[in-house]
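Colleague: I'm new to reading protein models. Could you walk me through this one?

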Amino acid sequence: MSISDPHAHAHYSLCLIKNSGLDFCPGCGLGHSLGFLFRGEIANSFHSHPLGIFALIILTYRIFQIFKNNHKNANT
């Protein structure tokens, strides 16, 4: 998500709700929100999805948790 362009509107989506023709999907803005965050555009990120910053915190925490557990298991 950090290399995708959040300003681009014409891209393929795997979202079933969006592909079924509905305009609103509560999760679709998260990808754009994270893309804006990685570019430092915090206002655009919040506008895309208010929980984008929270999602990034949770994802980062989980990644560190997985690496920590893998490192601990490799040393035993």
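This is a predicted model: local features need pLDDT of at least 70, side-chain atom pairs count only at pLDDT 80 or more; totals for chains, interfaces and linings use all residues.

Colleague: How many helices and strands does the chain have?

Modeller: Helices (H or I, at least four residues) and strands (E, at least two) are DSSP runs, numbered from the N terminus. Here there are 4 helices and 0 strands, so the order from the N terminus reads α-α-α-α.

Colleague: What share of the residues is buried?

Modeller: Buried means under 20% relative accessible area, exposed over 50%, and partly exposed in between (1.4 Å probe, protein chains only). Of the 76 residues in this chain, 18% are buried. Asn 44, in helix H3, is partly exposed because its relative accessibility is 35%. Its C-alpha atom is 7.2 Å from that of Ser 33, 11 residues away along the chain.

Colleague: And which residues line the second largest pocket?

Modeller: Rolling a probe the size of a water molecule over the atoms shows where empty space is left. A pocket is an open set of points on a 1 Å grid where a 1.4 Å probe fits, with protein on both sides within 12 Å along at least five of seven lines; lining residues have an atom within 4 Å of a point. The second largest pocket has a volume of about 160 Å³, and its lining includes Lys 18, Phe 24 and His 32. Helix H2 (residues 28-38) gives the largest share, 3 residues.

Colleague: Which residues make the nonpolar surface patch?

Modeller: For such a patch, nonpolar side chains (Val, Leu, Ile, Met, Phe, Trp, Tyr) are joined within 5 Å, using residues with over 30% relative accessible area and no salt bridge (a side-chain nitrogen of Lys or Arg within 4 Å of a carboxyl oxygen of Asp or Glu). Here Ile 42, Ile 53 and Ile 57 make one of about 270 Å². Ile 42 sits in helix H3 (residues 42-48), and Ile 53 in helix H4 (residues 52-74).

Technical notes: Residues are numbered from 1 along each chain as its sequence is written. Side-chain values use heavy atoms; hydrogens and water are left out. Grid points are joined across faces, edges and corners, and a volume is the space filled by probe spheres set on the points. Patches are made of residues with over 30% relative accessible area and no salt bridge: like charges are joined within 9 Å, nonpolar side chains (Val, Leu, Ile, Met, Phe, Trp, Tyr) within 5 Å. Accessible areas come from the Shrake-Rupley method with a 1.4 Å probe; for residues, only the protein chains shown count as cover.
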